[in-house]
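Dear colleague,

Please find below the structure that I am handing over to you. My findings follow directly after it.

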Amino acid sequence: MNVTAPMVGKLISLDVKVGDPVKKNDVVATIEAMKMFVKIYAPADGRVKEITSSPDSVVNPESVIMVLE
Amino acid sequence: MREIYKELAQRKEKIRQMGGEKAVANQKKAGKWTARERIEYFFDPGTFTEIAPFLKHRSTAFGMAGKDVPAEGVVVGYGKVNGRMVMAAAEDYTAMAGTFGEYHGKKFAQAIDMAKEMGIPFVGMNDSGGARLQEGIDTLEAYAWLFKSQNLASGIIPQLALLMGPCLGGQAYHPVMQDFVFQCRKTGFMGIAGPAFVKTQLGVDIDLETLCGIEAHAVKSGCTHVVVEDDKDCLEKTKELLNFFPQNNKEKPARVETGDDPLRLVPELDGLVPEHTLMPYDMHEILFKIVDNGYFFEISPDFAKNVIVGFARFNGRSTGVVASQPNWMGGVIDCNAADKVARFVRFCDLFNIPLVNIHDTPAFMIGPFEEWKGILRHGAKMLYAYIDATVPKVSVIIRKSFAGAYLGMCCKDTGADLVFAWPEATVTIVGAETAASVIFAKEIKGAENPEEVKATRIKEYRDLYENPYSAAERGYIDDVIMPSETRKQICSALDLLENKTVARPWRKFSNINM
């Protein structure tokens with residue numbers, strides 16, 4: 001399952017590592033946009049399979065930040 | 001007993017059996033109550049009176065001649081809910097699958113007309129297999145009767161739709177055009193077309209739940225306002241919501257003794273908001289602490305989560321609450337959030353429910369995604385709704401309230417009667433960094449030490465404008481208050497505004513960006 005951002009912003013941190021188990025609504029990354037830190041939540045329970053973005057990159061609602069399995 | 005009395009009893013008993021034993025058993029197997037069980041649970045015991053149980057279709061085409069459809073597939077009547085009169089129509093899936101034909105529609109429409117004329121809320125319980133195709137144009141025209149009746153009643157009486165079973169096709173405009181839509185988690189479905197039609201017309205394979213279930217409408221489309229677990233939960237939550245409404249637009253909502261001191265201070269609010277201005281927090285924490293007894297009935301909690309809307313009481317007064325949610329997308333207002341707020345504000349205005357607006361929002365969302373979706377015309381709905389609204393409006397600025405979002409969340413001159421701000425509030429046209437980089441662009445570029453000049457200029461701008469005092473000096477903020485005083489100030493303000501009246505020249509409507 002792909003994790004995407006709800007809005008355009010600069011990725012400032014990845015808060016999990018490949019292999020980490022996550023629960024639905026856990027914070028998995030943070031972006032900075034519109035003068036705010038915006039948390040990205042896990043859309044479902046699972047495990048981080050792959051991280052497909054890097055800090056300081058700009059993400060948007062169509063870019064995949066990481067993949068859960 | 002006279003024969004004719006016996007006949008009446010027999011005829012009524014037959015109708016009360018609905019679609020018969022087998023159909024009723026199937027209804028139960030599907031996890032649903034029957035229409036009559038729903039009605040019985042919904043109304044105060046013994047108060048329900050049925051209207052037109054004998055109404056019957058007149059169709060003869062395609063096997064309809066002489067076909068018996070008990071109560072025409074919809075049980076209609078009036079009775080008391082929480083001690084107040086309510087009109088209801090409950091579709092009966094056991095009677096020819098609750099299909100919507102000419103007289104089924106007529107019953108529905110007449111019930112709404114009567115509710116409108118008597119000034120009582122209407123509640124529709126949807127559970128229908130769709131249009132009764134055998135009746136052709138008569139069915140289609142009956143949809144028009146229904147839509148016309150509910151439209152003409154809109155803004156006069158509260159109308160609630162309960163999706164307890166399927167409601168597919170054009171009929172689905174019926175729930176959506178009412179004020180609030182409840183949807184049962186496992187059995188409620190709504191859509192412009194079901195999976196079979198989507199498959200034949202578009203070649204798309206999709207199941208009913210994905211296309212028309214709660215995820216589709218309470219999360220993605222925003223058509224559903226309240227997700228409920230089952231029939232019982234649905235009817236209970238509906239009664240709960242009705243408590244916040246007046247019977248019609250000429251009344252105020254009933255005031256309730258809640259036992260919560262209106263002058264209560266909330267010391268936990270002092271220092272609750274993170275000092276680092278980029279850090280989010282959950283706005284619910286503030287709401288639960290300021291409303292009477294922490295009781296808040298949230299509307300559309302899973303759609304456009306960047307803004308929170310719902311009903312609560314302050315000093316026993318039913319109040320509509322609109323609040324930014326910094327925890328989701330930083331509380332920015334996007335197209336969906338604007339739609340959610342605008343319709344909620346319009347409802348409260350129609351039914352004399354005062355509004356409390358809690359700001360912590362950086363902006364209307366910028367960038368190509370929202371620009372092209374039309375953030376301007378969607379955001380405009382908020383401005384229109386707030387400026388149009390004549391009910392009491394109290395705004396509280398917690399932290400950020402910038403630019404268009406300050407206006408969109410209801411500021412002094414977009415309609416707030418009273419505006420309060422916390423000491424943390426920053427109310428201005430734009431953030432200091434952006435402002436400095438525009439105003440002093442040349443100076444910074446030409447300086448020997450641009451970073452130093454930039455930092456100085458940002459600080460100057462911040463000191464002048466990033467606070468609540470510059471707006472308070474102009475009278476756009478009525479007072480800067482301690483967070484702990486928020487509840488007390490809101491309750492006192494609503495006391496002051498109790499008999500607010502507004503006179504405006506006649507016009508048909510404002511041309512809201514619909």
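Helix 16 of chain B and helix 18 of chain B are oblique to each other, because angles under 35 degrees count as roughly parallel, over 145 as roughly antiparallel, 65 to 115 as roughly perpendicular and the rest as oblique. The angle between helix 16 (residues 432-439) and helix 18 (residues 450-465) of chain B is about 120 degrees, and their axes lie 8 Å apart. Axes are lines fitted to C-alpha atoms, for helices over the stretch in contact, and angles run from 0 to 180 degrees between N-to-C directions. Helices (H or I, at least four residues) and strands (E, at least two) are DSSP runs, numbered from the N terminus.

This is a predicted model, in which local features need pLDDT of at least 70 and side-chain atom pairs count only at pLDDT 80 or more, while totals for chains, interfaces and linings use all residues. Residues are numbered from 1 along each chain as its sequence is written, and chains are lettered from A and ligands numbered from 1 in the order in which they are written.

From helix 16 of chain B, the residues B:A432, B:E433, B:A435 and B:A436 meet B:K454, B:R457, B:I458, B:Y461 and B:R462 of helix 18 of chain B. Two residues are in contact if their C-beta atoms, placed from the backbone, lie within 7 Å. The residues of this contact of helix 16 with helix 18 of chain B comprise 5 nonpolar, no polar and 4 charged. Here Ala, Val, Leu, Ile, Met, Phe, Trp, Tyr, Cys and Pro count as nonpolar, Asp, Glu, Lys and Arg as charged, and the others, Gly among them, as polar.

Strand 4 (residues 122-126) of chain B is mostly covered, with 5 of its 5 residues buried; a residue is buried if 20 or more other C-beta atoms lie within 10 Å of its own, exposed if 12 or fewer, and partly exposed in between, with C-beta atoms placed from the backbone. On one side of strand 4 of chain B are B:F122, B:G124 and B:N126, and on the other are B:V123 and B:M125. Strand 3 (residues 84-91) of chain B runs parallel to strand 4 of chain B and is joined to it by 4 bridges. Two strands pair if DSSP finds at least two bridges between them.

The contact between the chains takes 13 residues from chain A and 14 residues from chain B. On the side of chain A that touches chain B, strand 5 of chain A gives the largest share, 4 residues.

Yours sincerely
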